[in-house]
Amino acid sequence: MTSTTRPNWRRRALVLLGGLVLLALLGFGFRSCRSEPEAPPYRTGQVESGALVQTVSASGVIEALVTVEVGSQISGQIQAIMVDFNDRVKAGQVLAELDPQTYQSRLRLGQADVAAGEAAVKQADAQAQQARQELARRKSLAAQGYYSPAALEAAEAQARTSAAALEAARARVQQSRASLRTTEVDLSRTRIVSPIDGVVVLRAIEPGQTVAASFQAPVLFRIARDFDRVKVKISVDEADIGGVKEGQVVTFSVDAFPDQMFEGIVTQVRKQPVTEQNVVAYTVMAEAANTGGRLLPGMTANADIVIQRRDGVLKVPVAALRWAPPAQVQAAPRGPPGTPIRNDSGPAHPGSVPVQKVVGQLGLDPKQKKAWSDIQADLRVQATAAAGAGADREAGRRAVAVAVDRGLGRLEATLTPAQKARLKVLRPLAFDVGPDPDGFVAGVVYRPGPEGPEPVVLRVGPSDGSMTEVRGALKAGEAVILGGGPKARMRVVVN
C-alpha cells in the first residue's frame, strides 16, 4: 500500500509544477503582447565644420580650342588628296589639289590678252605722237599764213583724239592685267592649303569628287589646333545661370574616363538663350588643359561649376532642416461621421507663414487648437485694421508684429511647460523678415534631448545639395535629427 502511494504523489507533484510553469509562460507572453512596442530610434547626423562648395551641375560637350573649316572657293574636280584623318599638318601645307587645267587655260588666255593690249598701246602711242607732230607743223605754217584757222583746229582735234585713244589702250591693258591676276589667284586656289598648325579631324572629300562652289564654299577639311587645351561648351539651365560668372572653376568628367576629374575655368557666359522643348538654357564656355590628349572633340562632359567656396564654416545635413516632430493630435470639425479631417491652422494674417511654422511644431492638443483658432480670428481683425489705417507699410508691419507677439503670449498661457520651452526657442522664427545681408534666412533643426527632440533656431545659408551652412548655437560634432522616431498618432476629436 505504501509503495503504491508514493509514486502517485510524485507524479501529481510533477504535473502540478509543470502546470504552474506553463501558466507563468502564458502570462509572460500575454504581458509581452500587451506591452507597447519600443519607439523606433531617431536617425541622426553630425554637425560638421569645414569647406562648403556650392556648385551648378550641367552637361556639356568637349570641343577643340580652335577649329578651322577649310573649304574651296572655286569649283572643280578633286585630283589628289595629300592628308587623311588624324594627320598633323603645318600652316601652308597642301591638303588637296583640284584639276587645274581649266584655270591654266584661262591663265594663258589672260596672258595673251595682256600682250595684245600692250601692242595696242604701242600702236596708239605712235598715232598720238604722229598727231602731235602734225599739230606742231601746222601751227608753224599757220603762223606764216599757209594754213587757215579751220585746218589748225582740225589738227588739234586729231591730236586730242589720238591722246584719248592712247589712254583707252592703256586702261584696257590694266583691265587685262587685273583679269590675269584673278585667274592666277583662282589657279593658286586649286591647291587647298592648311591655314593653321593642327590635326585633321574631318575629311569630307574623295579623289575624283566634283566640288561645286557656286553659292557657298563647301567644307573639305576640318582642322583642330593641337589638343594641349580644349574648351567645354556647357548648357546651363536658366534657374542656375544667375550665379555663373567668368573666372569660376569648372570640374568635369567624361564617360571614357569616369574615375578621372578634369578642371577648367569659365571663360565666357553667352547671353544668347537657347530654347529646346520650352526649356531655356544658356551656353557657358570653359577652357581646360588636356594633359595626355585624353579629351577628344565630341565627348560628353558632366560638369560642376563652382559658384562659391566657403572654408571653415559650420554645416548640417540638408535633411536636418526638413525634419520636424510630427503633430500628435489633430482636431476634426464638428459634423456628421465621415467628415474629412481639416487642418484649422490657417494663416493668422497675410504673410504669416513663419507664425504657422512655429505653432505647427508645438504639438497642440484639441483644447489648445481651439484657443489658437480664437487667437487667429483676433489677429485677422487686428491685421485688417492695421492695413486699413492709412499708415505706411513699415508702420503696418510693426503693428502686425506687435499683434502676433501678443497672440503668441495668449497661446503660451495654454501650453504645457515642455511646449513653453519649445515656443521660447522657436519664437524668433515667427518674426523672420527674410534674408539678411549675407543671404541667410531663419531655420530650425532638432537635436536629441533627454525629454525628446530639442529645437535649435539657426540662420541658414548656402547649400551644396547635401550639407547646408548654418550660424547659431551648434558646435561641430553635435548630433542633429534627420528622421525616424515615433510616428504621429492621429486621434480625431469631435467637438
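Tutor: Let's begin with a term: contact means heavy atoms within 4.5 Å. Among contacts in this protein chain between residues at least 6 apart in sequence, 73% join residues at least 24 apart. You are looking at a predicted model, in which local features need pLDDT of at least 70 and side-chain atom pairs count only at pLDDT 80 or more, while totals for chains, interfaces and linings use all residues. Residues are numbered from 1 along each chain as its sequence is written, and side-chain values use heavy atoms, with hydrogens and water left out.

Student: How many helices and strands does the protein chain have?

Tutor: Helices (H or I, at least four residues) and strands (E, at least two) are DSSP runs, numbered from the N terminus. Here there are eight helices and 21 strands.

Student: How do I check the length of helix H2?

Tutor: The expected span of a helix is 1.5 Å times one less than its number of residues. The 43 residues of H2 (residues 101–143) should therefore span 63 Å, and its end C-alpha atoms are 63 Å apart, which agrees.

Student: Which residues of H2 are buried?

Tutor: Buried means under 20% relative accessible area, exposed over 50%, and partly exposed in between (1.4 Å probe, protein chains only). Among the buried residues of H2 are Tyr 103, Leu 107, Gly 110 and Val 114. An α-helix has 3.6 residues a turn, so residues three or four places apart point the same way.

Student: What do the buried residues of H2 pack against?

Tutor: They pack against H3. In H3 (residues 149–188) you will find Asp 186, which touches Tyr 103 and Ile 74, leaving aside residues up to four places away in sequence.

Student: Is Asp 186 buried or exposed?

Tutor: Buried, because its relative accessible area is 17%.
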